[in-house]
Amino acid sequence: MNYPVLAAIIIFLAVFVVISFLDFKKIKSFDEYSVAGRNQSTFAVTMTLLATVLGASTTIGIADTVYQIGFPGIWWLIFGAVGLFLQSIIISEKVRKTGADTLPDLARITVGRSAEFILSLVIVIAWVGVIAGQLVAMNSLISFAIGKNSRVVFIIVSLIVIGYTLVGGQMSVVKTDKIQLFIIFIGVALCCGYLYLVKGGNDISTVGGIEFINKGYGPINLFTQFFVIGGVYFLGPDIMSRNFISKDEKTAKKSAGYAAVLLLLFSVIITFVGMWIRANVTAEELGQNKALMYVIGIIPKPVGIVLIMGLLSAILSSTDTCIINASTIFVKDVLGKESVSLVRISVGVIGIISLILAVAGRGDIMTLLTGAYSIYTPGVIFPLFVAILCYGKKKIRVGIWMLGPIIGGLLGIIGTYFGNVLVWIGLPLNVLPYITLIGMGISLITSLVSIDMKS
């Protein structure tokens with residue numbers, strides 16, 4: 001076991017534990033715990049927003065995807081940036097003006113309590129998979145870093161993450177995100193710079209491999225990811241939670257716009273890291289390793305340690321945000337309470353359930369996240385978007401509107417977890433990949449029909 005690296009990880013986590021306990025004494029209200037006092041600056045919101053989106057999927061997952069399918073792997077992050085940009089210019093100010101605490105709370109304000117309840121269930125169910133995916137990625141990284149696949153170490157580190165999130169809440173998450181984002185950018189940028197400027201390799205193959213569509217990523221993938229991935233960045237619970245902590249409408253709008261630009265920059269860096277590995281490392285050399293894990297072994301040790309801490313930061317910055325948001329949604333929007341104590345209990349319960357799912361090994365990071373997003377997007381994106389646009393202008397016929405989240409969410413769940421059952425009862429196999437899009441189409445239609453044009 002690599003004890004020096006393990007010690008560095010423990011010290012790294014200890015810093016966050018200290019921050020959380022310092023904030024513990026300052027937290028006096030539900031707003032301070034769940035939305036960081038609703039007074040964060042543009043700089044703070046931009047940093048925590050970017051740290052939130054730069055998780056395991058956008059680092060380890062993207063590098064693996066690029067290695068497998070080539071340059072089209074960049075589309076995940078491009079659509080993410082597009083989603084943030086559209087959020088900035090279309091809905092950021094509208095959402096912040098409502099004074100909502102969570103995304104389901106926004107549904108309550110714009111539609112009603114029944115909308116809040118159903119959306120909160122969809123989000124909590126889907127986000128357990130998102131948290132588990134982050135923990136799975138963390139396990140892979142820690143196992144590689146310390147040179148041993150230790151379930152005990154994985155569980156202890158996971159409990160530390162759950163613990164500091166439970167203690168400090170959103171206020172601590174915002175502070176730790178600033179540290180984590182800096183390390184993420186430094187680690188990935190140093191890695192990319194070393195590979196191209198020092199290590200060298202088959203650069204001609206790298207440049208020649210720049211293509212936006214290929215056999216591994218066709219137009220249907222482009223179309224699907226635009227709505228599924230772009231939709232989550234446009235109107236996802238973790239993304240929008242950064243809107244709720246902003247001090248005002250202009251701060252929310254500017255932060256989303258700045259984060260979109262920085263995300264595009266990051267997408268280029270991480271994609272070219274993946275392209276270098278694709279051009280210079282054979283499948284036999286890579287073996288069972290993740291692409292970025294392999295790189296850690298061929299770059300200088302100091303750079304490798306910085307990259308390890310950067311990847312760990314990426315995972316932690318997304319994991320703690322997901323846990324606190326899912327827990328706040330469960331307490332405020334499912335239970336209808338505004339209790340810091342109940343949110344803390346929920347953080348522990350949701351964190352443990354996600355950890356059990358991760359330990360059980362139910363898929364890799366991209367599989368778990370794509371599955372979660374495939375439940376969320378058909379059930380939430382279009383219905384809530386329509387409700388936001390109609391707020392204060394047109395009335396919503398709640399009964400019809402509710403069909404969108406219910407049918408869309410159910411199709412997402414069935415398509416994600418019960419695809420074999422659909423095939424068994426006679427659904428053509430070639431229709432299965434389109435279940436999410438079908439759900440989104442149905443939720444869009446029912447949402448539009450729900451608008452009372454006479455109001």
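What is the relative accessible area of Lys290, and is the residue buried, partly exposed or exposed?

Tutor: Lys290 has a relative accessible area of 23% and is therefore partly exposed (buried means under 20%, exposed over 50%, and partly exposed in between, with a 1.4 Å probe and protein chains only). The model is predicted, so local features need pLDDT of at least 70 and side-chain atom pairs pLDDT 80 or more, whereas totals for chains, interfaces and linings use all residues. Residues are numbered from 1 along each chain as its sequence is written, and side-chain values use heavy atoms, without hydrogens and water.

The side chain of Lys290 meets that of Asp64 in a salt bridge, with an N to O distance of 3.8 Å (a side-chain nitrogen of Lys or Arg within 4 Å of a carboxyl oxygen of Asp or Glu). This pair links distant parts of the chain, 226 residues apart: Asp64 belongs to helix 4 (residues 57-69), while Lys290 sits in the loop between helix 13 (283-286) and helix 14 (291-296). Helices here are DSSP runs of H or I with at least four residues, numbered from the N terminus.

Glu93 lies in helix 5 (residues 75-98) and Lys253 in helix 12 (residues 249-280), 160 residues apart. Glu93 is partly exposed, with a relative accessible area of 28%, and Lys253 is likewise partly exposed, at 31%.

Beyond such pairs, salt bridges that share partners join Asp31, Arg38, Asp101, Lys332 and Glu338 into one network. Within it, the side chains of Arg38 and Asp31 are in contact at 3.6 Å, N to O. Arg38 is buried, at 17% relative accessible area, and Asp31 is partly exposed, at 30%.

Arg38 is found in the loop between helix 2 and helix 3, and its phi is near 55°, a positive value in a residue other than glycine. Ala36 lies in the loop between helix 2 (30-34) and helix 3 (42-53); it too is not a glycine, yet has a positive phi of about 50°. Ala36 is buried, with a relative accessible area of 2%.

For a view of burial and geometry along a helix, one may turn to helix 21. Its 15 residues (435-449) should span 21 Å at 1.5 Å a residue, and because the end C-alpha atoms are 21 Å apart, the model agrees (the expected span is 1.5 Å times one less than the number of residues). Its buried residues are Ile435, Thr436, Leu437, Gly439, Met440, Ser443, Thr446 and Ser447. Elsewhere, Val349 lies in helix 16 and, at 45% relative accessibility, counts as partly exposed.

Conventions
Helix = DSSP H or I, 4+ residues; strand = E, 2+ residues; numbered from the N terminus.
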